[in-house]
Amino acid sequence: MRNVNVRKLVKTIVFTLICLIVAAIILFPIIWMLPAAFKNKAEIWAIPNEWLPKVFYTKNFEKIFTSNLVNDYNFISSIGSTFLVSVIAVVLSLLVNMFAAYVFANFEFRGKNFLWYYFLITMFIPGITILLTSIRVVSVLQMTDTLLVLIIPGLVSAYNIFFFRQFYYGIPRSLEEAAIIDGCSRFKIFFKVFLPMSVTPMVIIGVSVFMGYWNSFMWPTLTIVNNSEIAQVMQVIRILNSTYSGEYGIVIAATILSIIIPLTLFIIFQKKIIAGIAVSGLK
């Protein structure tokens, strides 16, 4: 019995050490980045490098807030534009993917299996392989330099449809049948039965979609590079890096500001996110 307890204690200690090492590796860039935002160029490049700045240098943030960049790109307006795009994308993405999942889970129609397998195949196609053709499509449709080109192309996701479809399979069909007997239409059943029961998966998918749009860099750079009014935050950080070459304190300060909103969302919805991961694991 004593040997068993010793083994459990050893396993616990080893597991704890591994978790601490992994956490340290993950958190190290953030821990180093926070004081670096208040350092001048000389302190950032100093060898040996000190973690805390000798004098807190606030001009990194002042330059971000007070000046326009090349071609009138502005960091603060890019935060607002990115937030607007991300919120709209989350709402539309949830509606589109949940509707599709509801249809695949509860309707029978000709060609259903073919369409389902077609959706699944798209999960295995790397997005980079269709990047040029996607740019060509939005160019022909004259969507470039608009909010539409930032929102519409990424709304539909085979993985999100698959996730919601599997979740809907776990909802008893008796609830839907009872609603039909009560005279509810399919739309009422979706909005009054399935939607309220889908809060947890909605949160985890919604946060995932938000992060995808918030951190998007290549697509905005290739499609709205000439429109400063709707420039996205990651695009502007890249321009900051080019404009203030070598002054990494400014880029680090902008990066810290850019993670405030996603971090706040994670703190607010962390319980739902963990619950959603558990649901996805069970499914």
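User: How many residues of domain 1 are in contact with how many residues of domain 2?

Analyst: Contact means heavy atoms within 4.5 Å. By that rule, 9 residues of domain 1 touch 10 residues of domain 2. The bounds, which come from an automatic or database domain assignment, are 1-57 for domain 1 and 70-280 for domain 2. Taken over C-alpha atoms, the centres of the two domains lie 32 Å apart.

User: What should I know about the model and its numbering?

Analyst: This is a predicted model, in which local features need pLDDT of at least 70 and side-chain atom pairs count only at pLDDT 80 or more, while totals for chains, interfaces and linings use all residues. Residues are numbered from 1 along each chain as its sequence is written, and side-chain values use heavy atoms, with hydrogens and water left out.

User: How many salt bridges does a search of the whole structure find?

Analyst: Side chains of opposite charge can pair when their charged atoms come close. A salt bridge is defined as a side-chain nitrogen of Lys or Arg within 4 Å of a carboxyl oxygen of Asp or Glu. The search of the whole structure finds 3. One of them joins glutamate 108 and lysine 112, at 3.3 Å from N to O.

User: Are glutamate 108 and lysine 112 buried or exposed?

Analyst: Buried means under 20% relative accessible area, exposed over 50%, and partly exposed in between, with a 1.4 Å probe and protein chains only. Glutamate 108 has 71% relative accessibility and therefore counts as exposed, whereas lysine 112, at 9%, is buried.

User: Where do the buried residues of helix 3 fall, seen down its axis?

Analyst: The buried residues of helix 3 (residues 59-66) are Asn60, Phe61 and Ile64. They fall within an arc of 90°, so they line one face of the helix. The arc is that of the directions from the helix axis to the C-beta atoms.

User: What span should helix 11 have?

Analyst: The expected span is 1.5 Å times one less than the number of residues. For the 16 residues of helix 11 (residues 199-214) this gives 22 Å, which agrees with the 22 Å between its end C-alpha atoms. Among its buried residues are Pro201, Phe210 and Trp214.

Technical notes: Helix = DSSP H or I, 4+ residues; strand = E, 2+ residues; numbered from the N terminus.
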